[in-house]
Amino acid sequence: MTVMANWRPKPWIAVALSLANATLGLLYAGKPRWAGIFFVTTSTIVMLAFFRAFAGVSDTIMGALEIAAGIVGIILAYRAAKAAPDRIRPKYTRWYSLLAICAAFAVAAVAFRAFVYEPFKIPSTAMAPTAEIGSRVIVQKFGYGHFSTFGFRLGSRPISAPLHRGDVIVFDYPVEPAETWIKRIVGVPGDRVVYRDKHLFVNGVDTRVRQLDDYLHPDVPRYSRRYLDKLDGTTFATLQDDVQRTPEPSNFAFRDHCVYTENEVRCDVPAGNYFVMGDNRDNSLDSRYWGFVPSDRIIGKVVNIIH
């Protein structure tokens, strides 16, 4: 007959686990109910942080909430371990149980990023003023069939969610699929897209509405002309500079769908492809230069921008 020795959690181990995740510290300290409550609370804070622009919560408030939750979790785990009585050790406090819980958290986080929503960071000014360098975007993954995260593609299926002119998308750069790019859809399959004299025409309609106040770039002391554009029901700002660039297109797929002259780019968007442009029109390498974005390269649609 095996005799089970009494056991008490060590406060320092509870604190160390809480530094990684307070839920683990509370479980180790023998407080599964507290751990569950704290897991729900911290998960709510994480989701609020993920969508804080929708919720109208500032970065300062969000950071304070995260720090406060972490401190409270450490204190609770320490006190619970300190006051714990001698008893037979529950299985959920053992290292293999805690490791399994960590693995479950990791799998859930990866699945969420791969199949539901994923954050990306803007690396350039090509989408200014909509998104500047360092801005973060939240991308909706479900419905777009591109199941990937951290550079690994887990699978794919046809797009089932709608894509419209004016949507901002994240996609695998067709020239170098390992790179992730962000642009705005200006042409869907069947559209004729014309860029002439710094004006964008889609199916013969000029997308420019009116000129706005000049835009001062936050990274450099330089102004650009700012305009209000409209594509279908989406309005957005675009930037123009004095420089006049003539696109030098590469030899991309469906190159025969485009005509290039000194002052004009004209493309007929083929089936299963999209024509994209950056909002910073004179500082964007986009479909004018390297062609169309195939639908199976689209990672998802931007649903939130955090500046």
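Predicted model: local features only at pLDDT ≥ 70, side-chain atom pairs only at ≥ 80, totals over all residues.
Selected pairs and their surroundings are presented in the views below.

**View A. Phe-115 and Phe-147 form a tilted aromatic pair.** The ring centres of Phe-115 and Phe-147 are separated by 4.9 Å, with 45° between the planes. Phe-115 counts as partly exposed because its relative accessibility is 36%, whereas Phe-147, with a relative accessible area of 15%, is buried.

**View B. Tyr-173 and Trp-290 form an edge-to-face pair.** The planes of the two rings meet at 80° and their centres lie 5.4 Å apart; because planes over 60 degrees apart count as edge-to-face, the pair is assigned to that class. Distant parts of the chain are again linked, here 117 residues apart: Tyr-173 is in the loop between strand E7 (168-172) and strand E8 (180-187), and Trp-290 is in helix H7 (residues 287-290). Tyr-173 is buried at a relative accessible area of 9%, and Trp-290 is likewise buried, at 3%. Both residues are part of one aromatic cluster, together with Phe-171 and Trp-181.

**View C. Strand E7 is buried on both faces.** Of the 5 residues in E7, 5 are buried, and the strand is thus described as mostly covered. In a regular strand, side chains alternate between the two faces of the sheet. On one side of E7 lie Val-168, Val-170 and Asp-172, and on the other Ile-169 and Phe-171; all are buried. Phe-171 also takes part in the aromatic cluster with Tyr-173, Trp-181 and Trp-290.

**View D. Strand E7 pairs with E8 and with E19.** The pairing of E7 with E8 is antiparallel and extends over 5 bridges. Within it, Asp-172 has Thr-180 of E8 as its bridge partner. E7 also pairs in the antiparallel sense with strand E19 (residues 298-306), over 3 bridges. There, Val-170 stands opposite Gly-300 of E19.

**View E. Arginine side chains lie over the rings of Phe-201 and Tyr-227.** The charged end of Arg-196 sits over the ring of Phe-201, at 4.7 Å from the ring centre. Arg-208 lies over the face of Tyr-227, and its distance from the ring centre is 3.8 Å.

Methods:
Residues numbered from 1 in each chain as written. Heavy atoms only, no water. Phe/Tyr/Trp six-rings, centres within 6.5 Å; stacked < 30°, edge-to-face > 60°. Buried < 20%, exposed > 50% of the residue type's maximum accessible area, 1.4 Å probe, protein only. Helix = DSSP H or I, 4+ residues; strand = E, 2+ residues; numbered from the N terminus. Lys NZ or Arg CZ within 6 Å of the ring centre and 35° of its normal. Pairing = 2+ DSSP bridges.
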